[in-house]
Amino acid sequence: MSLHARSGEQVPSLTGQMARASNPGGTTAMWVRDRLDGLWCDADFADWYPRDGRPGISPAQLATVCVLQFLLDLSDRQAAEAVRCRIDFKYALAMELDDPGFHHSVRIPA
């Protein structure tokens, strides 16, 4: 599995609009994105990945999911489900609304 950094790490405009409209007071996931944005990026994890192979999931997104999972006391399965279903998680991860997320067994390489 190789690292192919995400091209745009900005929250897609429709995702941002929907997240703000459905959660005007914000949520924990939105707070994490708004406060920690830029704390880490895919390049920070580049040494963990080989240069060739099938592209892996963004390690910066996985790190953000780990933070949210800890803060919200979610299981792996619950965190993966939140990425798939919750607009505020899609906002926190800068994902398009129709992004299916990832399987709960995905891990950050050690």
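Predicted model: local features only at pLDDT ≥ 70, side-chain atom pairs only at ≥ 80, totals over all residues.
Figure 1. Of the 110 residues, 35% are buried. The chain exposes about 6,800 Å², and carbon and sulfur atoms supply 53% of that area. Counting contacts between residues at least 6 apart in sequence, 69% join residues at least 24 apart. The close-ups below visit some of these helices in turn.

**Figure 2. Helix α4 and its buried residues.** Helix α4 spans residues 76–85, and its buried residues are A79, A80, A82 and V83. They sit on the same side of α4 because they cover an arc of only 155° around the axis. In a helix of this kind, there are 3.6 residues a turn, so residues three or four places apart point the same way. And what do the buried residues of α4 pack against? Their partners are α3 (59–72) and α5 (87–92).

Figure 3. Is T64 buried or exposed? With 11% relative accessibility, T64 counts as buried, because the cut-off for that label is under 20%. The side chain of T64 reaches the backbone oxygen of A60, at a distance of 2.9 Å. Setting aside neighbours within four places in sequence, T64 is in contact with V32, W40, A92 and L93.

**Figure 4. The salt bridge between R20 and D34.** Here the two side chains meet with an N to O distance of 2.7 Å. R20 lies in helix α1 (residues 13–22) and D34 in helix α2 (residues 28–36), so this pair ties together parts that are 14 residues apart in sequence. R20 is partly exposed, at 36% relative accessibility. D34 is also partly exposed, with a value of 36%.

**Figure 5. Salt bridges R84 with E81 and D88 with R86.** The side chains of R84 and E81 meet at 2.7 Å, N to O. Both residues belong to helix α4, where they are 3 residues apart, about one turn of the helix. R84 is partly exposed, with a relative accessible area of 44%, and E81 is partly exposed too, at 39%. Moving on to the other pair, the closest N and O atoms of D88 and R86 are 2.7 Å apart. D88 counts as buried at 5% relative accessibility, whereas R86 is partly exposed at 34%.

**Figure 6. Positive phi at D73 and at A94.** D73 is not a glycine, yet its phi is positive, at about 55°. You will find D73 in the loop between α3 and α4. This residue, D73, is exposed, with a relative accessible area of 67%. A94 is not a glycine either, and its phi is also positive, at about 55°. Where is the place of A94? Look for A94 in the segment after α5. With a relative accessible area of 10%, A94 is buried.

Definitions and conventions: Residues numbered from 1 in each chain as written. Heavy atoms only, no water. Buried < 20%, exposed > 50% of the residue type's maximum accessible area, 1.4 Å probe, protein only. Contact = heavy atoms within 4.5 Å. Areas by Shrake-Rupley, 256 points an atom, 1.4 Å probe, with all protein chains shown as cover. Helix = DSSP H or I, 4+ residues; strand = E, 2+ residues; numbered from the N terminus. Arc of directions from axis to C-beta. Polar contact = N/O pair within 3.5 Å; in protein donor to acceptor, adjacent residues only side chain to side chain. Salt bridge = Lys/Arg side-chain N within 4 Å of Asp/Glu carboxyl O.
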